[in-house]
Amino acid sequence: MKTKIYDAIREWIPDSKNWIDYASKHNETINQYALLKQTAQFCVANMNSTDSTNVEAAREVIKVINMLYESGNHYTRNAIENEFFSELIAQENPASLKKHLDFLSKESKQGYLRTLLEN
């Protein structure tokens with residue numbers, strides 16, 4: 001069974017097809033969390049690029065994550081907070097906080113800040 005997160009990322013972020021082998025022996029929850037983590041790593045790498053095309057790719061990723069977060073149930077939001085936001089937070093420094101918040105929607109910002117404070 002494919003999840004909403006898996007389907008949205010695979011459909012709206014074409015580069016995601018190269019990140020993870022989903023024929024693995026892991027269950028869907030593990031695959032979904034791994035996909036969110038890989039998506040965050042891709043986003044961070046592009047967000048910090050000097051190439052405007054890469055920065056735009058990061059913005060597209062954030063749009064998908066914002067959409068999933070805003071329309072998601074508690075499970076979806078928790079998965080995004082645990083994997084995507086946590087990966088962004090691991091890269092956090094005073095200069096990057098504003099950049100990260102500028103990319104996120106209002107609702108996603110609340111989850112991001114909550115995750116930042118809890119970690």
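Take I65 as a way in: skipping its neighbours within four places in sequence, I65 is in contact with L36, T39, I80, F84 and F85. Keep in mind that this is a predicted model.

**The nonpolar core**
- The largest nonpolar core has 30 residues, and I65 is one of those that touch the most other members, along with I9, L36, L68, I80, F84 and F85.
- Two or more core residues come from each of α1 (4–12), α2 (28–47), α3 (52–71), α4 (74–90) and α5 (94–103).
- As a general point, nonpolar side chains in soluble globular proteins tend to be buried together.

**A buried threonine**
- T76 sits in helix α4.
- T76 counts as buried because its relative accessible area is 6%, and the cut-off for buried is under 20%.
- Leaving out residues up to four places away in sequence, T76 touches I5 and L68.

**Helix α6**
- Helix α6 covers residues 106–118, and its 13 residues should span 18 Å at 1.5 Å a residue; the end C-alpha atoms are 19 Å apart, which agrees.
- S108, G111, Y112 and T115 are the buried residues to look for in α6.
- Looking down the axis of α6, you'll find its buried residues within an arc of 100 degrees, so they line one face of the helix.
- In general, an α-helix has 3.6 residues a turn, so residues three or four places apart point the same way.
- The buried residues of α6 pack against α3, α4 and α5.

Conventions. Residues are numbered from 1 along each chain as its sequence is written. This is a predicted model: local features need pLDDT of at least 70, side-chain atom pairs count only at pLDDT 80 or more; totals for chains, interfaces and linings use all residues. Side-chain values use heavy atoms; hydrogens and water are left out. A nonpolar core is a set of buried Ala, Val, Leu, Ile, Met, Phe, Trp, Tyr and Cys residues joined through side-chain atoms within 4.5 Å. Buried means under 20% relative accessible area, exposed over 50%, partly exposed in between (1.4 Å probe, protein chains only). Helices (H or I, at least four residues) and strands (E, at least two) are DSSP runs, numbered from the N terminus. Contact means heavy atoms within 4.5 Å. The expected span of a helix is 1.5 Å times one less than its number of residues. The arc is that of the directions from the helix axis to the C-beta atoms.
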